[in-house]
Amino acid sequence: MSIESDAFRWDDLMPVTEMIYVPCNAAGVPTGVARMPQAVRAAGVERRIAAPVRSTWIGVSAMTTARGNSGLINEDALTQVVTDTAAAVDAAWRDDAVPVVVAGDCPVLLAPLIAAAGRGGAGLVFIDGHEDAWDPHRTPTGEASDCEIGLALGLFTGPQALTARLPCVRPQHLLMLGPRDHAELAEAGQPSVRDQIANYVSGAALAVHADASRFGEVAELVAGTAATAAAGWWCHVDLDILDPTALPAVDYPQPGGLTWNQLDQLTAACLSVPGCLGASVVIYNPDLDGGQAADRIAGYIAFIRDRLSP
């Protein structure tokens, strides 16, 4: 029996990648980080992924810079983005596809956690240079990107339309890696969440792991926290985890942070733990660098996808 060379391809056996693009900006404007998905796609992220790729675009409408009753600006658009992205993630899972979310801003991480609620609930590995657990009424920007962890844990009330779907992660299933905004929080009188979650590794502590090549210890933390959730776990990466010398094109840069090589190592260590349901990558403002970093970010997203378990 002969088989035609083009009749069978190994990638036909690989789960489809569902790229979910969410051009949102929690500031309520269509510019800045809202342009990240288009910049990354134009840089060729899809052709770098080994598995077959489909794509879904989430529309963003009703944007405003006014604060709503929750204290957050852009409430209606936030609700719509989270709800529609949750539906897209759930549809990917039902099709046995692997969802990878590329979004402008952080609140999108609520979507996979909400989508996983019907499956018993997911854990979260949160790789970010900020805690993002501000009280919405106290955050100086009013942006949900300052507050999504507080909303996910149920520490604060979000938009009324999301109330029934929050909280969406348990403290024992949350691993926070890399925040380095302690001084800012202390100066503003905003309490840290470091004592309210299962495991918290500050940016300074994470740098020690990086310098000592001890990211294997981080994998153990993933296995003991996020990966113990019933449905599995989600990996969320805010690119402001990087040092500004590695990626200056973020809206709220801070001193310190990882190099690209260290972020690659950290991500690989996390994704060596089974059960990851998908990933989200956020916070790149191509308006600040003319799109120069999009190529490196596209490569990083493909790096993540190629390490996600089927």
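This briefing covers helix packing, the nonpolar core, aromatic pairs, selected loop residues and backbone geometry.

The model is predicted, so local features need pLDDT of at least 70 and side-chain atom pairs count only at pLDDT 80 or more, while totals for chains, interfaces and linings use all residues. Residues are numbered from 1 along each chain as its sequence is written, and side-chain values use heavy atoms, with hydrogens and water left out. Helices (H or I, at least four residues) and strands (E, at least two) are DSSP runs, numbered from the N terminus.

**Helix packing**

- The axes of helix 6 (residues 203–211) and helix 7 (residues 215–224) come within 7 Å and cross at roughly 125°.
- Axes are lines fitted to C-alpha atoms, for helices over the stretch in contact, and angles run from 0 to 180 degrees between N-to-C directions.
- Helix 6 and helix 7 are therefore oblique to each other. Angles under 35 degrees count as roughly parallel, over 145 as roughly antiparallel, 65 to 115 as roughly perpendicular and the rest as oblique.
- Helix 6 contributes L206, H209 and A210 to the contact, and helix 7 contributes F215, E217 and V218. Contact means heavy atoms within 4.5 Å.
- Four residues of this contact are nonpolar, one is polar and one is charged. Ala, Val, Leu, Ile, Met, Phe, Trp, Tyr, Cys and Pro count as nonpolar, Asp, Glu, Lys and Arg as charged, and the others, Gly among them, as polar.

**Nonpolar core**

- The largest nonpolar core has 105 residues, of which I127, W233, L239, Y284 and I297 touch the most other members.
- Helix 9 (residues 294–307) supplies the largest share of this core, eight residues.
- Such a core is a set of buried Ala, Val, Leu, Ile, Met, Phe, Trp, Tyr and Cys residues joined through side-chain atoms within 4.5 Å.
- Buried means under 20% relative accessible area, exposed over 50%, and partly exposed in between (1.4 Å probe, protein chains only).

**Aromatic pairs**

- Rings of Phe, Tyr and Trp (its six-membered ring) pair if their centres lie within 6.5 Å; planes under 30 degrees apart count as stacked, over 60 as edge-to-face and the rest as tilted.
- The count by this rule is four aromatic pairs.
- The ring centres of Y21 and W57 are 4.6 Å apart and the planes lie at 25°, so the pair is stacked.
- Y21 is in strand 1 (residues 17–22) and W57 in strand 2 (residues 53–57), so the pair ties together parts that are 36 residues apart in sequence.
- Y21 is buried at 0% relative accessibility, whereas W57 is partly exposed at 35%.
- W260, Y300 and F303 form a cluster linked by ring pairs.

**Two buried loop residues**

- V33 sits in the loop between strand 1 and helix 1 (36–42). V33 is buried, at 0% relative accessibility.
- Leaving out residues up to four places away in sequence, V33 touches C24, N25, G104, D105, D251, I283, Y284 and N285.
- A43 lies in the loop between helix 1 and strand 2. A43 is buried too, at 14% relative accessibility.
- Beyond its neighbours within four places in sequence, A43 contacts R48, A294, D295 and A298.

**Backbone geometry**

- L166 and P167 are joined by a cis peptide bond, with omega about 0°. P167 is in the loop between helix 4 (148–153) and strand 5 (174–177).
- N74 is not a glycine, yet its phi is positive, at about 65°. N74 lies in the loop between strand 2 and helix 2 (75–94) and is buried, at 5% relative accessibility.
- D96, also a residue other than glycine, has a positive phi near 60°. D96 lies in the loop between helix 2 and strand 3 (98–103) and is exposed, at 64% relative accessibility.
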